[in-house]
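The sequence and coordinates are displayed below.

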Amino acid sequence: MLNKGGIANLMKQAQKMQEQIQQEMDALQVDASAGGGMVTVKMSGQKQLISVAVDPSLLAPGEKEMLEDLFVAAVNLASQKVDETLQSKMGGLGGGLGLPGM
């Protein structure tokens with residue numbers, strides 16, 4: 001059972017962890033590509049698209065649908081990478097509180 005001091009200490013630890021996670025999210029950048037690297041995107045930890053690189057061959061007439069599909073695939077993959085990276089970082093941080101299930 002936690003006393004008042006223990007609860008306050010636990011809350012301070014949780015706040016520190018939240019701040020640390022926020023800092024890591026702000027600093028995080030992931031790259032993802034689709035079509036064997038024909039479309040590459042960079043995304044921040046806040047899931048903001050930072051940049052897009054497109055292979056010039058996809059700019060040819062008749063490649064519009066492929067370009068759109070590859071763009072969607074690359075952005076979705078980058079979003080998944082952000083989620084996976086943050087989940088792995090939060091999993092390691094949660095263990096520091098000594099809470100059951102973390």
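The sections below treat the basis of the model, the nonpolar core and the salt bridges in turn.

## Basis of the model

The model is predicted: local features require pLDDT of at least 70 and side-chain atom pairs count only at pLDDT 80 or more, while totals for chains, interfaces and linings use all residues. Residues are numbered from 1 along each chain as its sequence is written, and side-chain values use heavy atoms, with hydrogens and water left out.

## Nonpolar core

The largest nonpolar core comprises 15 residues. Such a core is a set of buried Ala, Val, Leu, Ile, Met, Phe, Trp, Tyr and Cys residues joined through side-chain atoms within 4.5 Å. Buried denotes under 20% relative accessible area, exposed over 50%, and partly exposed the range in between (1.4 Å probe, protein chains only). At least two core residues come from each of helix 1 (4–27), strand 1 (29–34), strand 2 (39–44) and helix 2 (64–94). Helix 2 makes the greatest contribution, with five residues. Helices (H or I, at least four residues) and strands (E, at least two) are DSSP runs, numbered from the N terminus.

Val-30, Ala-78 and Val-82 have the most contacts inside the core. When neighbours within four places in sequence are set aside, Ala-78 is in contact with Val-30, Ala-32, Val-41 and Met-43; contact here means heavy atoms within 4.5 Å.

## Salt bridges between separate elements

Three salt bridges are counted, each defined by a side-chain nitrogen of Lys or Arg within 4 Å of a carboxyl oxygen of Asp or Glu. One of them pairs Lys-42 with Asp-31, with the closest N and O atoms 4.0 Å apart. This pair links distant parts of the chain, since Lys-42 belongs to strand 2 and Asp-31 to strand 1, 11 residues apart. Lys-42 is partly exposed at 26% relative accessibility, and Asp-31 is likewise partly exposed at 43%.

Asp-83 and Lys-47 form a salt bridge with an N to O distance of 2.7 Å. Because Asp-83 lies in helix 2 and Lys-47 in the loop between strand 2 and strand 3 (49–54), the pair ties together parts that are 36 residues apart in sequence. Asp-83 is partly exposed at 39% relative accessible area, as is Lys-47 at 36%.

Glu-68 and Lys-64 form a salt bridge in which the closest N and O atoms are 2.4 Å apart. The two residues are four apart in helix 2, so about one helical turn separates Glu-68 from Lys-64. Glu-68 is partly exposed, with a relative accessible area of 38%, whereas Lys-64 is exposed at 56%.
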